[in-house]
Amino acid sequence: MGKKVLIVQREDDAGLVKAKLQCMGAALGNIMLYKRHDHETEYCGFDARDLQGIVESAGRMHADLVYIDPLHGLAAGRMNDQRSADCLIALDAMAKRNDCCVLGVLHAKKCLCSISCCGLGVVPFSWTVIRG
């Protein structure tokens, strides 16, 4: 049995993500796409209010990898505000508790103002890895 992956993203709809994964030959049975439920509708997307749901989903599926794109989508405001970066504390605790890896993608070229200071160098494309 392969490693289990939770994908948390808000750019593509579920059908496109599935198509991309199939093209790469991914084992779809080991991959879960985090979806937000709004009344009767289910869709891809997340913000800071979804942090607990993401943590719970990762725990339920025993994820080996949690991929979050973009990481700053979990911030309650600007990532250089300590209160907003507290999502990293919850993700670190989840990684340690579940013995999983968190890969957070930052798109520095898209909005430098919100990620200029979060303990990472600002480059055109960067990521952070939290390993439990």
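Modeller: A residue is called buried when its relative accessible area is under 20%, and please keep in mind that this is a predicted model. By that cut-off, Leu 51, Ile 54, Val 55, Ser 57, Ala 58 and Met 61 of helix 2, which spans residues 51–61, are buried.

Colleague: What puts these residues on the same side of helix 2?

Modeller: They cover an arc of only 160 degrees around the axis, and therefore they lie on the same side of helix 2. In general, an α-helix has 3.6 residues a turn, so residues three or four places apart point the same way.

Colleague: Which elements do the buried residues of helix 2 pack against?

Modeller: They pack against strand 1 (5–9), strand 2 (31–33), strand 5 (65–69) and helix 3 (87–98). Helix 2 itself is followed by His 62, whose phi is positive, near 55 degrees.

Colleague: Why does Leu 21 count as buried?

Modeller: Its relative accessibility is 12%, and the cut-off is under 20%, so Leu 21 counts as buried. Leu 21 is found in helix 1 (residues 14–23) and, leaving aside its neighbours within four places in sequence, is in contact with Ile 7, Ala 26, Leu 28 and Ile 31.

Colleague: What makes Arg 10 lie over the face of Phe 46?

Modeller: The distance is 5.2 Å from the ring centre, to be set against a limit of within 6 Å, together with a direction within 35 degrees of the ring normal; Arg 10 is accordingly listed over the face of Phe 46. As for aromatic pairs, the structure holds 0.

Technical notes:
Residues numbered from 1 in each chain as written. Predicted model: local features only at pLDDT ≥ 70, side-chain atom pairs only at ≥ 80, totals over all residues. Heavy atoms only, no water. Buried < 20%, exposed > 50% of the residue type's maximum accessible area, 1.4 Å probe, protein only. Helix = DSSP H or I, 4+ residues; strand = E, 2+ residues; numbered from the N terminus. Arc of directions from axis to C-beta. Contact = heavy atoms within 4.5 Å. Phe/Tyr/Trp six-rings, centres within 6.5 Å; stacked < 30°, edge-to-face > 60°.
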